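This report goes through the structure shown below, beginning with a term and then turning to helices and aromatic rings.

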Amino acid sequence: MNDKFLRNIEKINYILEKVSVVLMLFLLFLTFANVVGRYVFSRSIFFADEMARFIFVWIVFLGIAKIVKDKRQVAVTLLSDRLSGTASGFILESFIAVCGLVFFNHCFCRGDNTFQDNDVLQQRSAYNSHGDCISGHTSGIRAYYCFSYS
């Protein structure tokens, strides 16, 4: 069962890599076509900026998943390397995990109203009438996170 699980993880990793490459190529083509259209034909692609931003966000999210899987994220590991295998190291890792969960909970469940205009803040709140962590423009990943950790 462990081998099957690892094979599935590798398949997902392979798919993430290919999707990221396709999105990057599409982003490159879209940006190039928009620049050529703007300077050669005096017309730009009307959705190019929004689509480029949307694609870039997805490339970042998919890249983060690959980086975390390969354990290549940037981290300051001076204390954790020195304390690994000890009770203090376990306490440190637990503290870091709890701080990360608190931070992500704040960002995903309450942080979306931080940067909105005041009149928009008055029209909707981060919690609906059932107390769930969903607001108007929530993504499925954010909703899953809020329901699974509340």
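## A buried asparagine

A residue is called buried under 20% relative accessible area, exposed over 50% and partly exposed in between, with a 1.4 Å probe and protein chains only. By that rule Asn 13, at a relative accessible area of 7%, is buried. Asn 13 is found in helix 1, and, leaving aside residues up to four places away in sequence, Asn 13 touches Lys 66, Lys 69 and Asp 70, where contact means heavy atoms within 4.5 Å.

The model is predicted, so local features need pLDDT of at least 70 and side-chain atom pairs count only at pLDDT 80 or more, while totals for chains, interfaces and linings use all residues. Residues are numbered from 1 along each chain as its sequence is written, and side-chain values use heavy atoms, with hydrogens and water left out.

## Aromatic pairs

Rings of Phe, Tyr and Trp (its six-membered ring) pair if their centres lie within 6.5 Å, and the planes count as stacked under 30 degrees apart, edge-to-face over 60 and tilted for the rest. By this rule the count comes to two aromatic pairs. In one of them, the rings of Phe 46 and Phe 47 have centres 5.2 Å apart and planes at 85 degrees, so this pair is edge-to-face; Phe 46 is exposed, with a relative accessible area of 74%, whereas Phe 47 is partly exposed, at 35%.

The rings of Trp 58 and Phe 61 have centres 6.4 Å apart and planes at 90 degrees, and this pair is therefore edge-to-face. Trp 58 is partly exposed, with a relative accessible area of 36%, and Phe 61, at 49% relative accessibility, also counts as partly exposed.

How values were computed: Helix = DSSP H or I, 4+ residues; strand = E, 2+ residues; numbered from the N terminus.
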